[in-house]
Amino acid sequence: MLPLAVACKEAGRDRLARLARWAGRPGAIFLLAIPPAAMKLLPDIGGKNPFFYALLFVYGYVYMSDPAWQRATQGQRRTALALAAVTSAGLMAIWGSRPQRASLWAGDLFVGFLETLNGWAWVIALLGFAHAHLNFSHPVLRYASEAAYPFYILHQTVLVAIGWFVVRWPLSVPMKWAVISVIGGAATLAFYEVLVRRSRVGRVLFGMKPAASAWAEAATGASLRK
């Protein structure tokens, strides 16, 4: 992915900008659900489709390449929410009546596209409303932004370790879920705070900026927004 990112930065900046402007046209951004839907037709490897997820990675890079993408999602957020609601209802109706069998049926291609369109519409809606209503800074948001990736990496191991004990407790399934979620979240946050955020080595291992640089940058950004 790194060579692709470098190539886009050096030679494709104008093309990416034109693509972002095109996506701002009414309805155009929803056509971008077609390539991921096509990727789903390619074979899975080890139970996952690397082509589909690689394309999503590229989409994320392209989205951050130009501010016009933010304007496009913000301008079409209500349409995206309506489309997400309609396709969700359609999928629930289809899933409820779909025969349970291993072989392909006539509507599999249509359902696969509808699933992809539904997910893409939710992404556009969430991003659009977030750009419209959550575009502000706060110490909690700055903390969470820095913690997001380390928390993501740490949480699964912590949850599995805690769950190994909790599943044996004489509790109902919802209670076990609640206990694992609460204790796992608190433990993950504690590990991040002690082993990553306050550790020079931990910050390097998790790809974070040095503490002094990160905190100075956050303070500068906050002062500029005032």
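**Entry 1.** I started with Glu193 and found that its side chain meets that of Arg198 in a salt bridge, at 2.8 Å from N to O. The model I am reading is a predicted one. I noted the background idea that side chains of opposite charge can pair when their charged atoms come close.

**Entry 2.** I then looked up how open these two residues are. Arg198 counts as exposed, at 60% relative accessibility. Glu193 has a relative accessible area of 16%, and I wrote it down as buried because the cut-off for that is under 20%.

**Entry 3.** Glu193 and Arg197 sit four residues apart in helix H9 (residues 173-197), which is about one turn of the helix. Arg197 is buried, and its relative accessible area is 16%. I therefore recorded Glu193, Arg197 and Arg198 as a network, since salt bridges link them.

**Entry 4.** I searched the whole structure and counted three salt bridges. One of them joins Glu146 to Arg203, whose closest N and O atoms are 2.5 Å apart. I looked up where the two partners lie: Glu146 is in helix H8 (residues 139-166) and Arg203 is in helix H10 (residues 200-205), so this pair ties together parts that are 57 residues apart in sequence.

Key
Residues are numbered from 1 along each chain as its sequence is written. This is a predicted model: local features need pLDDT of at least 70, side-chain atom pairs count only at pLDDT 80 or more; totals for chains, interfaces and linings use all residues. Side-chain values use heavy atoms; hydrogens and water are left out. A salt bridge is a side-chain nitrogen of Lys or Arg within 4 Å of a carboxyl oxygen of Asp or Glu. Helices (H or I, at least four residues) and strands (E, at least two) are DSSP runs, numbered from the N terminus. Buried means under 20% relative accessible area, exposed over 50%, partly exposed in between (1.4 Å probe, protein chains only).
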